Amino acid sequence: MAYVEEVLETLMHPSEEYTPIPFWFLNDVPDSNKIRKQLADFREKGVNGIVLHPRIGIPEEIEYLSDAYFGVIKFVVETAAESGMKIVLYDEGMYPSGSAHGLVVRENPDFASKEIRLADAPGGLETLAKLPGGGYLIRDFTRGTIRGIHYGEDDGEQNAPLSADILNPLAVETFIRLTHDRYYEELRPYFGTTIIAFFTDEPCALGRNAGAFREWAEGMKEEILDGGGKLEELEGLFTGKENRTTGIYKRLVKKHLRETFYQPLSRWCRRHGIALMGHPAESDDVSELFYFQIPGQDLIMRRVVPGTGGLREKDSVHAKLSADIGRHLGCRRIMNECFGVCGREGHPWHFTGEDMKWYIDWLAMRGVNLFVPHAFYYSVEGKRKEERPPDVGPNNIWWPYYRKFSDYIKRLSCLLTDSVNRAEAAILCDDNRVPCEEAAAFYENQVGFHYLPVSLLAECIVEEGEICIRGYRYRVVLDVLGMEGEYQEYLSGVRVVHRAEEVLALCHGEENRIRRTVVTDRQYKELRAVHLAKDGTEMYLLSNEGKETLAMQVRFPGLKEGIVVDLWNGEYGSFTAGEPGGQTKITLEPCETLLVISGKIRNATEKRVRMMRDEPVPDWTERFLLQSKERNKTVYRYEYEAVSKERETVFQIRGEEMAECFCNGEFAGVSFWNPHRFDIGGCLHGGKNVIEVRFTGSAANLYEDADIAYGIMEQSITMDDCKRGK
């Protein structure tokens, strides 16, 4: 068991292992000096790894997987190795994975995506069935494509590379030979050291823009018939009328995709000393994740919107699902490709620091401990800045202060790696059948749970009425899918319920079957809480996912005294609850997290983080006056008269976008969300003090010529104001 001081030291100064590993879009003419400079800049900002991602904008003379291409890739890997950076290779040019930028089809045209569709007449094509109502079910080339790495190769463009049929084992063998084997041939000395993983990205057998088709693999006809299906019933795939055969079909497609694509890639990576990393195509895909050494998903397109809690949309399950599967498989790291195309209000570049912090917290509360920001751009010249923005790193307004984000990501990732989540309830799920509405009740009442795929039940054991797998023990199982009868042999002796309300009822009353993670004075639907154990130490992580301040009385079961940690600011202090499980007052603003560690620091400090203070933070907004404005920047000033040097003066100011504070010319902090709080105590002196707050507007104002207001709310400035000299 580690001392609390050791736990704190580890969390406050985590190793580089826990670095964010962003997509680095290699999207322009490679220049060795620019590459060296950017990688050094990444390291300075606390970014110690990248996903090396060939992206649209690479000049045509650098063909994918050519000698010229590998000349660039080798230089990047060698440069990274010199400074100890880690590299994740990307297996496609550009995505979805599996086609080697069209080279698979170029080698054998029969490997192009070839699936099934409805037709009025066979037209000389392979016919699977004649339909009772007229028409035929035929097999045809989808003419699907992928997004390429050169201009003219994007969706709908003439040179878009043809996608390969990744349900065809021979096509997949060709893909691995052309891509993975070639990378290994060129970079063998770096595998397992500098190179830690291969990233595969939402593989799709159909290719893009092939909506009229459905997947098909050789042998499925016989498998459907052997399973009691009828080929003519596959018409339901296109009409939306589900039936027995469509159910058989969907299970078989998943089976073939796993065995033909994911399994060979997983084996290849394991044999070559690296991990298979990345994510499948759908947020509720389950069995595909079993083949990843680092399973993951992607958070894109604001499908989960900051401030709403993100609980009830289909895509809201992806982070928790991948994390729980990883837990049950014994994986140390859970990945998420995050922030892609997450701009606000129709402005692709309008992605705020507040958004980024909220998404980081949202993912961490669900178990993600390896963050893959989408994306850092090698170049934003010309059309490159319009390709799936925003850049969330070097070409955004917060880059000078990015270490705030990278340090925070490292602390969270360190906390969540090699720790155990003390959830006591499980929710059964299956391929593309992952309850989200029912799970919302667990989140909103701070009841810990994990998704448990039914395909893993055979690996579970039942002990004393609890179902157990890899160190996790569940006292109750929620089955809203009606799976209990089919899997009764694995659930015998376990408390199985069928409504979320039944689980919540077990948190109360005489039985007290399961415990809430924390107990509050009333319901706070926006509060998220997880109970963790790491190195023998019990911890609680809290987060406010809503838009309003949470001022709560909280009880941590069994905890009498502890350490309160603000992982964002790197501050901590001790507290006592008076008695085991006693109430403690906690205030969480929107976008804030708090870690509570059980135990006591030897030579304990009395410093208390802001969330534990009783006194309100004074609002000085009205004291500041506008001093200057320029393109996307404004400066506000307040002259503060101090009687004598004060040890601590914390104030807040209400305003939009990033704010930097300077006191008497000395930097006093940066803030990314409203209200902006600054501690200027260390910069004050007796007499007159000049305090400046400098606001920077959204990157959308720079890259899209948007007119998004920024600055103090009552005095906010727009780009049009600056143009008019207002």
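Which hand does the crossing of H3 and H5 have? The crossing of these two helices is right-handed. Before going further, please keep in mind that what you are looking at is a predicted model.

Let us stay with this pair of helices for a moment. Helix H3 covers residues 67-82, and H3 and H5 pack with their axes 11 Å apart at an angle of about 60°. That angle is why H3 and H5 are described as oblique to each other. On the H3 side the contact is made by Asp67, Tyr69, Phe70, Ile73, Lys74 and Val77, and on the H5 side by Arg182, Tyr183, Glu186 and Leu187.

Helix H5 has another partner to look at. Helix H5, residues 169-187, also packs with helix H8, residues 244-271; here the axes are 10 Å apart and the angle is about 25°. An angle under 35 degrees counts as roughly parallel, so H5 is roughly parallel to H8. The crossing of H5 and H8 is right-handed.

Now for the aromatic rings. The model has 53 aromatic pairs. One of them is formed by Phe23 and Phe199: the ring centres are 5.1 Å apart and the planes stand at 80°, so this pair is edge-to-face. Phe23 belongs to strand E1 (residues 23-26) and Phe199 to strand E9 (residues 195-201), so the pair ties together parts of the chain that are 176 residues apart in sequence. Both Phe23 and Phe199 are buried.

Another pair to visit is Tyr636 with Phe695. The centres of these rings lie 5.7 Å apart and their planes are at 90°, so this pair is edge-to-face. Tyr636 sits in strand E32 (residues 633-642) and Phe695 in strand E38 (residues 687-696), and the pair links distant parts of the chain, 59 residues apart. Tyr636 counts as buried because its relative accessibility is 0%. Phe695 has a relative accessible area of 0%, so Phe695 is buried.

Lys320 lies over the face of Phe449, at 4.6 Å from the ring centre. Arg694 lies over the face of Phe662, at a distance of 3.9 Å from the ring centre.

His53 is part of strand E2, which spans residues 49-54. With a relative accessible area of 0%, His53 is buried. Setting aside neighbours within four places in sequence, His53 is in contact with Phe23, Trp24, Phe25, Leu26, Tyr90 and Met94.

The next stop is the backbone, where some loops deserve a look. His374 and Ala375 are joined by a cis peptide bond with omega about 10°, and Ala375 is placed in the loop between strand E13 (370-373) and strand E14 (376-377). A cis peptide bond also joins Pro389 and Pro390, with omega about 15°. Pro390 is in the loop between E14 and helix H11 (402-416).

Follow the chain past H11 and you reach Asp418, in the loop between H11 and strand E15 (420-421). The phi of Asp418 is near 60°, a positive value in a residue other than glycine. Is Asp418 exposed, partly exposed or buried? With a relative accessible area of 47%, Asp418 is partly exposed.

Glu464 also has a positive phi, about 50°, although it is not a glycine. Look for Glu464 in the loop between strand E18 (461-463) and strand E19 (466-469). Its relative accessible area is 77%, so Glu464 is exposed.

Our last stop is Gly134, in the loop between strand E6 (126-130) and strand E7 (136-141). Gly134 has a relative accessible area of 42% and is partly exposed. How far apart are the C-alpha atoms of Gly134 and Gly84? These C-alpha atoms are separated by 64 Å, and the two residues are 50 residues apart along the chain.

Terms used:
Residues numbered from 1 in each chain as written. Predicted model: local features only at pLDDT ≥ 70, side-chain atom pairs only at ≥ 80, totals over all residues. Heavy atoms only, no water. Phe/Tyr/Trp six-rings, centres within 6.5 Å; stacked < 30°, edge-to-face > 60°. Helix = DSSP H or I, 4+ residues; strand = E, 2+ residues; numbered from the N terminus. Buried < 20%, exposed > 50% of the residue type's maximum accessible area, 1.4 Å probe, protein only. Lys NZ or Arg CZ within 6 Å of the ring centre and 35° of its normal. Axes fitted to C-alpha atoms, helices over the stretch in contact; angles between N-to-C directions. Parallel < 35°, antiparallel > 145°, perpendicular 65-115°, else oblique. Left-handed = near helix turned anticlockwise from the far one by under 90°. Contact = heavy atoms within 4.5 Å.
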